Amino acid sequence: MHANPITPHSEMDLKVLSDDELLALIASDREDAFQTLVERHVDRGYAVAYRILQNGQDAEDVVQDAFLQVWTRRQMWQSGLAKFSTWLFRVVSNRCIDLLRKPRTETVDELPELEDTSCNQTQDLERQEVTALLESAMMKLPDQQRIAIVFSYNENMSNGEIAEIMDTTVSAVESLLKRGRQKLRQLLKKQGADILAAFTNS
């Protein structure tokens with residue numbers, strides 16, 4: 001049995017490794033390598049899940065499920081087939097779709113009360129209201145359109161990257177983004193929201 005050529009001993013050593021190198025160590029049951037991989041990707045994975053679901057607990061569950069798959073299937077990973085981040089976003093977005101299609105009851109968090117009407121607090125409240133309008137409009141988009149927009153606008157991904165994650169073509173992604181922008185225009189105009197330019201420019 002050949003020794004693994006990657007034998008880092010410190011946390012710094014692990015942090016400089018590529019995802020594929022970490023996955024090779026994870027396949028050898030290296031829990032420290034798994035922890036490093038989680039720390040590297042968990043924030044973006046959660047951000048994507050939250051923007052799709054608009055539910056913190058569900059977003060946490062989705063990301064935990066995704067990384068659980070990494071560990072339980074650690075000896076099955078084949079390097080070179082796809083970037084780890086591409087695989088992760090695909091698993092996260094597919095799991096989000098599964099959750100969105102399940103019947104559920106929604107609970108809405110109340111905005112915190114403001115103690116006074118200072119300029120800063122007024123601006124904060126306005127930002128919260130604008131964000132709430134946008135999030136509400138996003139949740140009314142079809143699943144595939146919403147996911148494409150999240151990856152394009154929030155994650156600044158190219159259409160090619162989005163197509164790989166969503167397992168579709170670049171032209172299909174372009175169509176999803178176009179239809180999603182059009183739908184957002186309609187929804188936000190009804191609300192009188194002054195945030196169209198940021199998210200719906202052609």
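Student: Why is the crossing of H2 and H3 in this predicted model called left-handed?

Tutor: H2 passes H3 in a left-handed crossing, and the term applies because the near helix is turned anticlockwise from the far one by less than a right angle. The axes of H2 and helix H3 (residues 31-53) cross at roughly 145 degrees and come within 8 Å.

Student: Which residues make the contact of H2 with H3?

Tutor: H2 contributes Asp 19, Leu 22, Leu 23, Leu 25 and Ile 26, while H3 contributes Ala 33, Phe 34, Thr 36, Leu 37, Arg 40 and His 41. By class, they comprise 7 nonpolar, 2 polar and 2 charged residues. Asp and Arg count as charged, so Asp 19 and Arg 40 are the charged pair.

Student: What makes the packing of H4 and H5 oblique?

Tutor: The angle between helix H4 (residues 56-72) and helix H5 (residues 84-100) is about 130 degrees, and their axes lie 9 Å apart. The crossing of H4 past H5 is right-handed.

Student: How many residues of the contact of H4 with H5 are charged, and which class do the others fall into?

Tutor: The contact has 3 charged residues, alongside 11 nonpolar and 1 polar. On the H4 side are Asp 58, Val 62, Asp 65, Ala 66, Phe 67, Gln 69 and Val 70; on the H5 side are Phe 84, Trp 87, Leu 88, Val 91, Val 92, Arg 95, Cys 96 and Leu 99.

Student: What is known of the arrangement of H5 and H7?

Tutor: H5 packs against helix H7 (residues 143-154) at an angle of about 145 degrees, with the axes 11 Å apart. H5 passes H7 in a right-handed crossing. Phe 89, Ser 93, Ile 97 and Leu 100 of H5 meet Asp 143, Gln 144, Arg 146, Ile 147 and Phe 151 of H7. This contact divides into 5 nonpolar, 2 polar and 2 charged residues.

Student: Which residues are the closest to the centre of the second largest pocket?

Tutor: This pocket has a volume of about 240 Å³. Of its 13 lining residues, the closest to the centre are Arg 73, Met 76, Trp 77, Gln 78 and Trp 87. Helix H2 (19-26), H4 and H5 each give two or more residues to the lining. The lining has 9 nonpolar, 2 polar and 2 charged residues.

Notes
Residues are numbered from 1 along each chain as its sequence is written. This is a predicted model: local features need pLDDT of at least 70, side-chain atom pairs count only at pLDDT 80 or more; totals for chains, interfaces and linings use all residues. Side-chain values use heavy atoms; hydrogens and water are left out. Axes are lines fitted to C-alpha atoms, for helices over the stretch in contact, and angles run from 0 to 180 degrees between N-to-C directions. Helices (H or I, at least four residues) and strands (E, at least two) are DSSP runs, numbered from the N terminus. Contact means heavy atoms within 4.5 Å. On a 1 Å grid over the protein atoms alone, a cavity is a set of points where a 1.4 Å probe fits but cannot get out, and a pocket is an open set with protein on both sides within 12 Å along at least five of seven lines; lining residues have an atom within 4 Å of a point. Grid points are joined across faces, edges and corners, and a volume is the space filled by probe spheres set on the points.
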